[in-house]
Amino acid sequence: MPKKPKRPRDSNQLAHLIIGAATGETELPEAQEPEKNPAAVALGRLGGLKGGNARAAKLSKEKRAAIAKKAALTRWKKKN
């Protein structure tokens, strides 16, 4: 998620920035997307791909059914 651009704290400077952007004299600062470490992204994805299947294999059939029932009741409760 990109970070918000810094805006002036002084109300007069902020007003000057907004008026300049409205008239086309200046542009509002763009939000910068932070660079991600490719190794960390790959590691996180690897764990995410394993997670659900590994958890489901570890649980008993009764426990999985109980979790599914609880989730369904929660979803139905939200609709009312």
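This is a predicted model: local features need pLDDT of at least 70, side-chain atom pairs count only at pLDDT 80 or more; totals for chains, interfaces and linings use all residues.

What does the accessible surface of the protein chain come to, and what percentage of that surface belongs to carbon and sulfur atoms? The accessible surface is about 7,800 Å², and carbon and sulfur atoms hold 58% of it.

Across the protein chain the pLDDT averages 84, and 89% of the residues score at least 70.

Let me turn to the architecture. The protein chain contains 3 helices and 0 strands, and from the N terminus the order of its elements is α-α-α. Among these elements, the lowest mean pLDDT, 86, belongs to helix 1, which covers residues 11–23. The highest, 90, belongs to helix 3, which covers residues 61–79.

How much of the protein chain is buried? Of its 80 residues, buried ones make up 5%.

I now come to the charges on the surface. Which residues gather there in a patch of positive charge? They are R55, K58, K63 and K70. Two elements contribute to this positive patch: helix 2, residues 38–58, and helix 3 each supply at least two of its residues.

R55 lies in helix 2. Is R55 buried, partly exposed or exposed, and what places it there? Its relative accessibility is 48%, and therefore R55 counts as partly exposed, since the exposed class begins over 50%.

For a second example, I would ask you to look at E27. This residue sits in the loop between helix 1 and helix 2. Why does E27 count as exposed? E27 does so because its relative accessibility is 71%, and the cut-off is over 50%.

Finally, how far apart are E27 and L17, in sequence and in space? In sequence, 10 residues separate E27 from L17. In space, the distance between E27 and L17 is 8.0 Å, taken from C-alpha to C-alpha.

Thank you for your attention.

Methods: Residues are numbered from 1 along each chain as its sequence is written. Side-chain values use heavy atoms; hydrogens and water are left out. pLDDT is the predictor's confidence in each residue, from 0 to 100. Helices (H or I, at least four residues) and strands (E, at least two) are DSSP runs, numbered from the N terminus. Buried means under 20% relative accessible area, exposed over 50%, partly exposed in between (1.4 Å probe, protein chains only). Accessible areas come from the Shrake-Rupley method with a 1.4 Å probe; for residues, only the protein chains shown count as cover. Patches are made of residues with over 30% relative accessible area and no salt bridge: like charges are joined within 9 Å, nonpolar side chains (Val, Leu, Ile, Met, Phe, Trp, Tyr) within 5 Å. A salt bridge is a side-chain nitrogen of Lys or Arg within 4 Å of a carboxyl oxygen of Asp or Glu. Lys and Arg count as positive and Asp and Glu as negative; His and the chain ends are not counted. The place of a charge is taken as NZ of Lys, CZ of Arg, CG of Asp or CD of Glu.
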